[in-house]
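Thanks for opening this one with me. Below are a few notes to read alongside the model, one topic to a point.

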Amino acid sequence: MSAQMRRVPWATALVGVALGLMLSMQFKVQRQVALADLAAVQRTEELVAQLAAAEALRDELAAEVEALRQQQLISVKTQNEYQALAERLEQAQIHAGLLPLTGPGVTVVMADSVLPVTPGENANNFIIHDEDVLRVINELRAAGAEAIAINGQRVTSRTEIRCMGPVVTINGVRTAPPLNIVAIGNPDELERAIMMKGGVAESLKYWGIQITVKKETSVRVPAYTASLRLNYAQPALEEVAP
C-alpha cells in the first residue's frame, strides 16, 4: 500500500473527529440555550406569580383600610351620639337637682325673733314658719335663682317645706333655725328680691324675724338626695292627630 493511500484514513479520521467536536459543541450550546430559555421561563412565571400575590395583598390591604375607615366613621358617630346623650343626661340631672352646683349667688340667713313676747301676744308670730321660708324661696326663684338649698337640703320640685312646731322639715329632714339658704344666680338681683321695700324681709321684720343677705362670688349647692321614686305618675303618650 502506498503512502498516499495510508494518509487517506487518517484524514478521514481527523475530519470525523472535527465533526464530532463541532456537533458536541453545538449540542452543548443548544443545551445551554435551552436551559437558559427554561430558566427565563421559570423566572418569568415566578415573577408573574409574585406580581399576582402582591396585587392580591394590595387588594386585601385596601379592603382592610376601607373597613377600618368605615369602623372609624361609625366610632366617631357613636362617640358623637354618646357625647350628645351624656350632655342631655347632665342637663336633665342639673334641672332635677341631682348634681351639686357652684356659682355666684347669695347666702340668706333666717333666724327667729329675739323680741320679747308680751302677755297676750301669740308666740308663734315670733318664730319662723314654713310659709315664711316659702316666701323667701319664691322671691329667689322669681329673681332668677338657678339652684337653692336650705341647711344643706336641695330645693327641687319634689321638696316639701313644712312647719312642725319650732322646727322646719325639708325633704323629710327636720332642721331648726337659723336657716341658711344658699342660692345661685345674679347676686345683685337676688339680694334686691329679698331686701326690696315692702318685700319679705321688711314684712317679717315687724315680728322681729331676722333676715340677712350676703352676696357671694361663689357658693355651693348640694345635690338632691331624697327619693325620686314615682308610684303613680307615668309618662303621657302624645296623642296622634287624626
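Predicted model: local features only at pLDDT ≥ 70, side-chain atom pairs only at ≥ 80, totals over all residues.

Residues are numbered from 1 along each chain as its sequence is written, and side-chain values use heavy atoms, with hydrogens and water left out.

1. Three strands form an open sheet in the order 4-5-6, with antiparallel pairing. Strands here are DSSP runs of E with at least two residues, helices are runs of H or I with at least four, and both are numbered from the N terminus; two strands pair if DSSP finds at least two bridges between them. Strand 4 (161-164) and strand 6 (173-175) are the edge strands, each pairing on one side only. From one strand to the next, the twist averages 30°. Four bridges join strand 4 to strand 5 (residues 167-170) in the antiparallel sense.

2. The helix pair. Helix 2 (residues 130-142) and helix 3 (residues 187-195) have axes that come within 9 Å and cross at roughly 140°. Axes are lines fitted to C-alpha atoms, for helices over the stretch in contact, and angles run from 0 to 180 degrees between N-to-C directions. The two helices are therefore oblique to each other (under 35 degrees is roughly parallel, over 145 roughly antiparallel, 65 to 115 roughly perpendicular, and the rest oblique).

3. Their contact. V136, E139 and L140 of helix 2 meet L190, A193 and I194 of helix 3, contact being heavy atoms within 4.5 Å. These residues divide into five nonpolar, no polar and one charged (Ala, Val, Leu, Ile, Met, Phe, Trp, Tyr, Cys and Pro count as nonpolar, Asp, Glu, Lys and Arg as charged, the others, Gly among them, as polar).

4. An aromatic pair. The ring centres of F126 and W207 are 5.7 Å apart and the planes stand at 90°, so this pair is edge-to-face (centres within 6.5 Å for rings of Phe, Tyr and Trp, the last by its six-membered ring; planes under 30 degrees apart are stacked, over 60 edge-to-face, the rest tilted).

5. Backbone points to check. The P177 to P178 peptide bond is cis, with omega near 5°. N151, a residue other than glycine, has a positive phi, near 50°.
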